[in-house]
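Look at the sequence and structure below.

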Amino acid sequence: MRIACLFNNDYEFVAGAGADAAAVRASAEAICTALGDAGHEAQLVSLQGRDLMSVVGKLEAQRPDLVFNLCESLCGIAANEVAVPAVLDLYGIPYTGSDAPALALALNKGRCKDVMHGRGISTPPYRVMLNVADIERVAAEPLDYPWFLKLANEDASVGITEANVLADGAGLLARAKQLHAEYGSPLLAERYVPGREVNVTILGSGASTRLLPLHEIDFGLMPAGRPHIVSYAAKWDEKHVDYAGTKPVPIRGASDALIAAIERTARAAWDAIGLRDYGRVDLRIDPAGTPWVIDVNPNCDISPDAGVARAAAAAGWSFPTLIGTIAELALKRYKKVAAS
Ligand SMILES: Nc1ncnc2c1ncn2[C@@H]1O[C@H](COP(=O)(O)OP(=O)(O)O)[C@@H](O)[C@H]1O
Ligand SMILES: [Mg+2]
């Protein structure tokens, strides 16, 4: 198969993003190589800033069998990623991963939770705050603290530090105002769920999906007194204490009933948001053993050292097997649509 690996090369729009740019390119190269190892003819295609239409126009002329969509932002803005599948659909070019509505919904955490809440999926109670008046109103509510704050339209733990665990309304008011001033972004507050954090990797689409072996975050090396959360530093700063304190490991000592509840809840979230091909649902498990969905990640990181590849390795898959499988799942989906 001829596959174009399309990745975002939009770092002229992001101040000081040199290291990220190198990591994104290295990840795209690794995926391109893996597709070659899986027997495909793969080519790297970089998408700069606002070149989406001209790049897709060229792809239309080349007619690859598939675009492997690795774009996680355009012009340095994560919410723009939604344009990529929308334009590929416009041109009728097959691509891997979730479509525009699913990406848009997942990156609007308030709406995403509205949908899950509407479907009765277990997700912590929440409030969306668009401006300072909203922040003041929510801070005055008698919430059952602790609660947690995050940016409503970001991922990758941007804006998340230990200060986002809130003990009371005064704490919410101060931290939310600070985040709002710093990022100018809508905020989401939700009830803090103490306990384990589990990552569920799902592959497939429609009625035929499969789960890869579950992983959880081992907080064992987190210094005493620091909250057990995966902060920005935990994800991106190898020298930070949070990095060593948030080690992903295969899930341990979970009962069959707990595993079943986690899997049922994760699948329900996947279906509700409309994910396909590959994705990850993150949950926290409260001390009573109830799973709560905290994050739904379509088109999540599939670099060789990220969670999906870790889950695939636990299933005995090599990296080329994982990447080749995602490509085949996407193609099968298009063939099914064409046949129906
Ligand atoms: N309701 C919550 N209770 C406890 N911890 C949370 C909650 N929501 C998020 N976190 C912590 O913050 C981290 C990042 O939040 P998440 O919602 O996954 O955002 P992102 O899209 O940035 O990954 C999670 O991995 C988890 O450790
Ligand atoms: Mg997350």
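## Cysteines

The structure holds zero disulfides, a disulfide being a pair of cysteine sulfur atoms within 2.5 Å. Cys5 is in no disulfide; its nearest cysteine sulfur, that of Cys32, is 3.8 Å away. That distance is too far for a bond. Cys5 is buried, with a relative accessible area of 0%. Cys32 is buried too, at 12%. Buried means under 20% relative accessible area (1.4 Å probe, protein chains only).

This is a predicted model: local features need pLDDT of at least 70, side-chain atom pairs count only at pLDDT 80 or more, and totals for chains, interfaces and linings use all residues. Residues are numbered from 1 along each chain as its sequence is written, chains are lettered from A and ligands numbered from 1 in the order in which they are written, and side-chain values use heavy atoms, without hydrogens and water.

## Ligand 1

There are 19 residues around ligand 1, each with a heavy atom within 4 Å of it. Lys109, Lys150, Ser157, Glu190 and Glu197 come nearest. The shell divides into eight nonpolar, one polar and ten charged residues. Strands S5 (147–151), S7 (187–191) and S13 (291–298) each supply at least two shell residues. Domain 2 (125–191) and domain 3 (196–339) each give at least three.

The table lists polar contacts, pairs of N or O atoms within 3.5 Å.

| Protein side | Ligand 1 atom | Distance |
|---|---|---|
| Ala156, backbone N or O | oxygen | 3.3 Å |
| Ser157, polar backbone atom | oxygen | 2.5 Å |
| Glu190, side-chain N or O | nitrogen | 2.7 Å |

The protein covers 98% of the 540 Å² of accessible area that ligand 1 has on its own, by the Shrake-Rupley method with a 1.4 Å probe.

Conventions
Polar contact = N/O pair within 3.5 Å; in protein donor to acceptor, adjacent residues only side chain to side chain. Helix = DSSP H or I, 4+ residues; strand = E, 2+ residues; numbered from the N terminus. Nonpolar A, V, L, I, M, F, W, Y, C, P; charged D, E, K, R; others polar. Domains from an automatic or database assignment. Buried < 20%, exposed > 50% of the residue type's maximum accessible area, 1.4 Å probe, protein only.
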